[in-house]
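This report describes selected features of one structure, which is shown below. Please consult the sequence and the coordinates while reading.

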Amino acid sequence: MSLLEVKNLKKIYHDKSGEVLALDNVNFELEKEEFIAIVGPSGCGKSTILSILSNLENKSDGDIKFNVKNPKIGYMLQNDALFDNRTILQNSLLGLEVTNTLTNESKEKVISLLKTYGLEDFINKYPKSLSGGMRQRVALIRTLALDPDILLLDEPFSALDYQTRLAVSDDVYKIIKNEKKSAIIVTHDLSEAISIADKVLVLSKRPAKVKNIYQIDLIGKTTPIENRKLDGFGKYYDLIWKDLDIHV
């Protein structure tokens, strides 16, 4: 059974000129421990899907079914949103504090995550001491501290330079897989989508529909950086690029 089922999802916005259909009958499923990437033209509604799944926006129609009791959703944004006046540990504990779920046990779990993923020496330092990639690692650990059933990542690497982006995508991928989490990432980068995801959803221009869903069956998959070198990677890139139908 799928962890998440999205059926005929529709989103309509209203402005002075009337109704604007943003999403039109979007359908997909997310399996347990699966990593899905959503790609599509700019402004087509990729981030809107994440906003609806996280209850930041209401859907206009359709069904969203979580096949887990009281599902917890973790949302990682483009900006790491770390507070400069809080230590790395304090930043990592913020979600637990806000949800009143901070205990000695949950705090120890966060400390363990920081140590496991290379941040032990920075636990009592402040964000200004960290590189951009390390800041994103802290942001992810802050999200993982809440033990979400599903992670939503909205262009989490877009503020980083290209080389750092590659390294951080590797880091984030490894952490999510090691922690056995299910995730949906929105990205404009096709190489990133193909290298990091088990499945890629291609959306049409607005009103967004699912044009195609690609199961990424690369033989010998390991990490995003290495996956870009595998046979078949270029085939997926060409197919998805044609589906996007972008003209410049």
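Through how many residues does a hairpin join strand 8 to strand 9? The hairpin between strand 8 and strand 9 runs through 6 residues. The model is predicted, so local features need pLDDT of at least 70 and side-chain atom pairs count only at pLDDT 80 or more, while totals for chains, interfaces and linings use all residues. Residues are numbered from 1 along each chain as its sequence is written, and side-chain values use heavy atoms, with hydrogens and water left out.

**Strands 8 and 9**

Helices (H or I, at least four residues) and strands (E, at least two) are DSSP runs numbered from the N terminus. Strand 8 (residues 199-203) pairs with strand 9 (residues 210-215) in the antiparallel sense, over 5 bridges; pairing requires that DSSP finds at least two bridges between two strands. Within this pair, Leu201 stands opposite Ile213 of strand 9.

**Nonpolar cores**

A nonpolar core is a set of buried Ala, Val, Leu, Ile, Met, Phe, Trp, Tyr and Cys residues joined through side-chain atoms within 4.5 Å. Buried means under 20% relative accessible area, exposed over 50%, and partly exposed in between, with a 1.4 Å probe and protein chains only. The largest core has 49 residues, of which Leu153 and Val200 touch the most other members. Helix 5 (residues 132-144) gives the most to this core, with 6 residues. A second, separate core holds 22 residues, including Leu3, Val6, Leu30 and Leu50.

Ile196 is found in helix 7 (residues 190-196) and counts as buried because its relative accessibility is 1%. Ile196 and Tyr173 lie 23 residues apart in sequence and 6.8 Å apart in space, C-alpha to C-alpha. The table gives contacts (heavy atoms within 4.5 Å).

| Residue | Contacts, leaving aside neighbours within four places in sequence |
|---|---|
| Val200 | Ala37, Val39, Ala193, Ile194, Asn212, Ile213, Tyr214, Ile216 and Ile240 |
| Ile196 | Phe35, Phe157, Ser169, Tyr173, Ile185 and Pro224 |

**The largest pocket**

The largest pocket has a volume of about 350 Å³. On a 1 Å grid over the protein atoms alone, a pocket is an open set of points where a 1.4 Å probe fits, with protein on both sides within 12 Å along at least five of seven lines; lining residues have an atom within 4 Å of a point. Of the 16 lining residues, Tyr75, Met76, Arg142, Thr143 and Leu146 are the closest to the centre of the pocket. Strand 5 provides the largest share of the lining, 4 residues.

Definitions and conventions:
Points joined across faces, edges and corners; volume = space filled by probe spheres on them.
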